[in-house]
Amino acid sequence: MPLRHSVRHISRVARLIFSKSQNDCGARRFSSSAPLLNETARRSALFTAEKQRQREEVGRISKIEVEVTSDFGDELLVMNSELSTPYDCARHISEHLCKQSVIALVDTNKISNQPWDMHRPLTETCRLQFLKTTNINPWAANNAFWRSCSFMLGAVVSQAFRDDITVILHSFPSPNVSSGSFVLDAYVGLESWNPSPEELRALSKEMVKLGGKELPFERLSVSRELAEEMFSDNLYKVNHISKIYETHNEVVVYRVGDHVDISRGPMMNHTGLLGRCTIASVHYLEEDQLYRFQGVALPTGHKLNHYAYGILERRASFLNDHMVPSKVTFEPGTEFATESQQVVR
């Protein structure tokens, strides 16, 4: 049985089927073994050091005015440029906003209606609105939620397998709620793996467990050199980084707990916004030798009866062909820095 965190939930037969010898694994192991912990900790330490360096570079603090529109009325706040975040603004107004806001929407003299991470520092005087998945127009919040689910799935998959099974995260496509599932593509050192229902449930439980920790999504813009150092153990990521940087002169990375990955963002406020969640299927992409993990989820607080949710689960079990790696390029567009775009033929 390949899944590390679900030994108690898998039958003896499944454990025998997925037993794998040490000689079958690759040179680098992405699991809960020491190599993974070392790589994960190293990447997270680099993130922490760079975040601290950028904070210290701010120097003399300048004040900005932030006009906040929320369910609690309008507020004018005086905040610190390059340091204060939408989350900090929410703390001045209501604990409810801190918990339930998915992302913010920012207007300045330079940008209009820009989706903004809750933990990303504000840089200039602006108007700010908090977005939730219950808004009349939840498109931006839903996209951030869907993207964050893919990111969380990467955190789960990278640590879920036995020590002797190689797992290398490849990427996840930009969110497309209408596709029926959020997606993660990864190399897994298993031949013809067809996960059992028990294994899919184990992955789902790990997603819910990660959500229960209510960990913030931290954003950081880094140089090409630092990004390549962070992901020096992953040739997929190094290849993506070079193409990203050619377009944007920066690479955007996010961290949840100790898990760091590349994404254009924005991400949702914290993992606790994940409610009901199912990892519905895993498909082998034969041409790319990758596995496509697919899931469906509801934001916390959203209710759906068992029958209706079952329809969503069944739909998510079918192969999602949205932006499979062989049909996309990692040359990003001008708006965001870090996700693959559909190839235009």
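1. Ser158 belongs to helix α5, residues 139–160. Ser158 counts as buried because its relative accessibility is 7%, the cut-offs being under 20% for buried, over 50% for exposed and partly exposed in between, with a 1.4 Å probe and protein chains only.

2. Before going on, the ground rules: this is a predicted model, where local features need pLDDT of at least 70 and side-chain atom pairs count only at pLDDT 80 or more, while totals for chains, interfaces and linings use all residues. Residues are numbered from 1 along each chain as its sequence is written, and side-chain values use heavy atoms, with hydrogens and water left out. Helices (H or I, at least four residues) and strands (E, at least two) are DSSP runs, numbered from the N terminus.

3. Now the sheet. Three strands form an open sheet in the order β8-β9-β10, paired antiparallel (pairing takes at least two DSSP bridges between two strands). β8 (218–222) and β10 (259–262) are the edge strands, each pairing on one side only. From one strand to the next, the twist averages 25°. Between β8 and β9 (residues 251–256) there are five bridges, and Glu218 has Arg255 in β9 as its bridge partner.

4. Helix α8 (residues 235–248) packs on this sheet and touches β9 and β10, contact being heavy atoms within 4.5 Å. The direction of α8 makes about 50° with that of β10; axes are lines fitted to C-alpha atoms, for helices over the stretch in contact, with angles from 0 to 180 degrees between N-to-C directions.

5. On to the rings: the structure has six aromatic pairs (Phe, Tyr and Trp rings, six-membered for Trp, with centres within 6.5 Å; planes under 30 degrees apart are stacked, over 60 edge-to-face, the rest tilted). Phe161 and Trp193 are edge-to-face, because their planes stand at 75°, with centres 5.3 Å apart. Phe161 is buried at 0% relative accessibility, and Trp193 at 4%.

6. Trp193 also pairs with Phe293, tilted, at 6.1 Å between centres and 50° between planes. Trp193 lies in the loop between β7 and α6 and Phe293 in β12 (residues 290–299), so this pair ties together parts 100 residues apart in sequence. Ring pairs join Phe161, Trp193, Tyr284, Tyr291 and Phe293 into a cluster.
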